[in-house]
Amino acid sequence: MLNETVFRSGDLPVGDRFDAWREVMDSTHAPMRLESPRAGDFHAHVRVIEVGAAVIWPATFEQLVFLRTPRLIRRSDPEVYHLSLLLEGEAGVSWGRRETSYAVQDYHVNDSSRPYRIWTGEQAIASVGVEIPKALLPLPSSHVDEVLGRPLTARSGPGALLAGFLKQLCDDAETFRPADGPRLATTLADLVALLFAHSLEDERALEPETRTRALTLRIKDHIQRNLHDPDLTPTTVAEAHHISRGYLHRLFRDAVGRDADAGETVAAHIRRRRLEGAARDLTDPGLSAAPVHVVAARWGFPRAAEFTRAFRTAYGVPPGEYRRQAVAAGGGAHR
């Protein structure tokens with residue numbers, strides 16, 4: 001699994017909680033001065049997950065003010081860009097005379113080399129923080145400077161793609177190996193760069209390799225969201241992204257060595273994702289009354305016989321037997 005540490009304020013005596021939280025923040029992002037009207041009995045929880053040279057940290061915490069001052073910058077500067085995706089609550093950030101507010105499903109971006117002040121509202125905050133070394137981001141620093149202070153949305157486009165990737169990393173951290181970290185960090189940096197360039201309406205600023213990887217990620221996200229459609233094919237995928245089928249196949253072929261599903265054809269990728277979804281549903285106790293053919297149709301297999309053949313090839317048994325074995329094993333035993 002990826003290297004991970006967990007902090008729970010409830011594990012500490014009341015009087016030690018706020019100072020311990022400050023130490024966690026100093027080591028996770030950069031030295032900051034923290035203030036809170038609830039410092040006397042502060043409640044917070046954070047997972048610090050190392051993803052290669054990057055770090056992500058899903059967290060919940062109470063009302064707080066973060067201050068990154070010139071003096072603290074002179075003392076220590078890790079040279080990172082910080083993003084926070086706000087999931088609950090509200091926050092504001094100021095850089096000198098500039099000030100911006102952020103709502104749920106907004107990202108805000110900070111530079112560890114610049115002073116700022118962040119404050120949160122009375123409602124507890126839930127967020128996912130991201131620390132990316134500046135050297136890892138494939139985008140000129142002048143472009144990143146233009147993004148600072150802009151609320152960037154996670155509701156659609158590259159922001160939604162990045163949010164989905166962060167959620168998967170948080171949910172599945174234990175399934176990755178430390179050796180996967182550098183490749184995951186590269187993908188994370190590409191998605192952040194894509195979000196920044198998209199917000200500036202200048203994807204030309206991205207390096208060609210980054211643009212290619214970002215396009216592949218967008219295509220796979222499109223496939224995942226449309227697996228239920230029986231008309232989803234390499235042709236319709238290519239048309240949706242305004243590229244040729246040949247170029248689409250080259251994108252998947254050239255992913256060899258980068259992705260966990262490297263080397264798959266487009267059709268094989270679609271089929272595997274559909275079968276994985278169907279297998280999960282077949283072992284879901286909440287869907288035990290759903291006939292097999294209904295599960296098949298839900299995942300883009302309108303013909304039951306075709307689904308049965310594909311499922312048997314992938315899992316070694318017909319779907320009905322697969323479900324029976326899962327029930328006998330206590331449910332959810334198959335992966």
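Modeller: Partly exposed means a relative accessible area between the two cut-offs, buried being under 20% and exposed over 50%. Keep in mind that the model is predicted.

Colleague: Why is Asp77 called partly exposed?

Modeller: Asp77 has a relative accessible area of 25%. That value lies between 20% and 50%, so the label is partly exposed.

Colleague: Asp77 meets Arg68 in a salt bridge. Is Arg68 buried or exposed?

Modeller: Arg68 has a relative accessible area of 1%. This is under 20%, so Arg68 is buried.

Colleague: What makes the contact between Asp106 and Arg155 a salt bridge?

Modeller: Their closest N and O atoms are 3.3 Å apart. The cut-off is within 4 Å, so the pair qualifies.

Colleague: Which parts does the pair Asp106 and Arg155 tie together?

Modeller: Asp106 lies in strand E9, whereas Arg155 is in the loop between strand E12 and helix H4. These parts are 49 residues apart in sequence.

Colleague: How do you know that Asp106 is buried?

Modeller: Its relative accessible area is 11%, which is under 20%, so Asp106 counts as buried.

Colleague: Why is Arg177 called exposed?

Modeller: Arg177 has 52% relative accessibility, and the cut-off is over 50%, so the label is exposed. Its side chain meets that of Asp180 in a salt bridge, 3.4 Å from N to O. Asp180 is buried, at 12%.

Colleague: How many salt bridges does the structure hold?

Modeller: There are 18 salt bridges. Glu79, Asp111 and Lys134 are linked in a network of them.

Methods. Residues numbered from 1 in each chain as written. Predicted model: local features only at pLDDT ≥ 70, side-chain atom pairs only at ≥ 80, totals over all residues. Heavy atoms only, no water. Buried < 20%, exposed > 50% of the residue type's maximum accessible area, 1.4 Å probe, protein only. Helix = DSSP H or I, 4+ residues; strand = E, 2+ residues; numbered from the N terminus.
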